[in-house]
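Here is a briefing on one protein model. Please keep the sequence and the structure in view as you read.

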Amino acid sequence: MLLIGICGASGSGKTTLAEALCKRLKGRALIISQDWYYRDRPDLTFGERKNLNYDEPGIFDHEALYRDITCLAQGKEVPLRGYDYSLHLRKDTGAFLEARDVVLAEGIHIFYDEALRSLMDLKIYMDVPADVCALRRVRRDITERGRDVDGVQEQYLKTVRPMYMKYIRSYADHADLMVGQDCTNPRLLDMLTQYISARL
């Protein structure tokens, strides 16, 4: 199995690149989103969950993500995990992911865990201007995650930007490849597809 990590700021295009590559690989790849691995906190009230810092590394269950990826590398299926962004609770699907030749693991802290990082055959960092990322995040959070403009702005200033400055921008130091905002450029996708095919 080939493991490709895709890291970068919120709104940088990680999921878009992963989906484009997955489509190019025609059934040989699957995507794992780090967002599926938010730690579940049903013990907290909705208000308390809402005020958690969802952009700091400790909010994710890195151990579960590592276990799932190592299981996939062994040819085993793993649970298809999920998360309800409006309630801030785990929402597992009951379905399973079957092993594929390529796993595309994407997330803002996907390079945080050294053990997981050491398994990656290729590490891609999305190097996209902060204003572009912020605008994309506003659109996504309102249309897909049931948020309002005030809530998105508050979270961006309170946690998103500070955690980017503290952690995420430094993950570029671990990257094998830096990708700009045009992550669906056909030449880029051709190059990555050719690299992956050569490694399989």
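Helices (H or I, at least four residues) and strands (E, at least two) are DSSP runs, numbered from the N terminus. This is a predicted model: local features need pLDDT of at least 70, side-chain atom pairs count only at pLDDT 80 or more, and totals for chains, interfaces and linings use all residues. Residues are numbered from 1 along each chain as its sequence is written, and side-chain values use heavy atoms, with hydrogens and water left out.

**Sheet**
- Five strands form an open sheet in the order β2-β7-β1-β8-β9, with parallel pairing; two strands pair if DSSP finds at least two bridges between them.
- β2 (29-33) and β9 (177-179) are the edge strands, each pairing on one side only.
- Six bridges join β1 (residues 2-8) to β7 (residues 102-107) in the parallel sense.
- L2 has V102 in β7 as its bridge partner.
- Helix α3 (residues 62-73) packs on the sheet and touches β1, β2 and β7; contact means heavy atoms within 4.5 Å.

**Helix α1**
- In α1 (residues 14-24), the buried residues are K14, L17, A18, A20, L21 and C22.
- Buried means under 20% relative accessible area, exposed over 50%, partly exposed in between (1.4 Å probe, protein chains only).
- Their cover includes β1, β2, β7, β8 (122-126) and α7 (186-199).
- Just after α1, K26 takes a positive phi of about 45°.

**Helix α5**
- V138 lies in α5 (residues 130-144).
- V138 counts as partly exposed because its relative accessibility is 31%.

Key:
Axes are lines fitted to C-alpha atoms, for helices over the stretch in contact, and angles run from 0 to 180 degrees between N-to-C directions.
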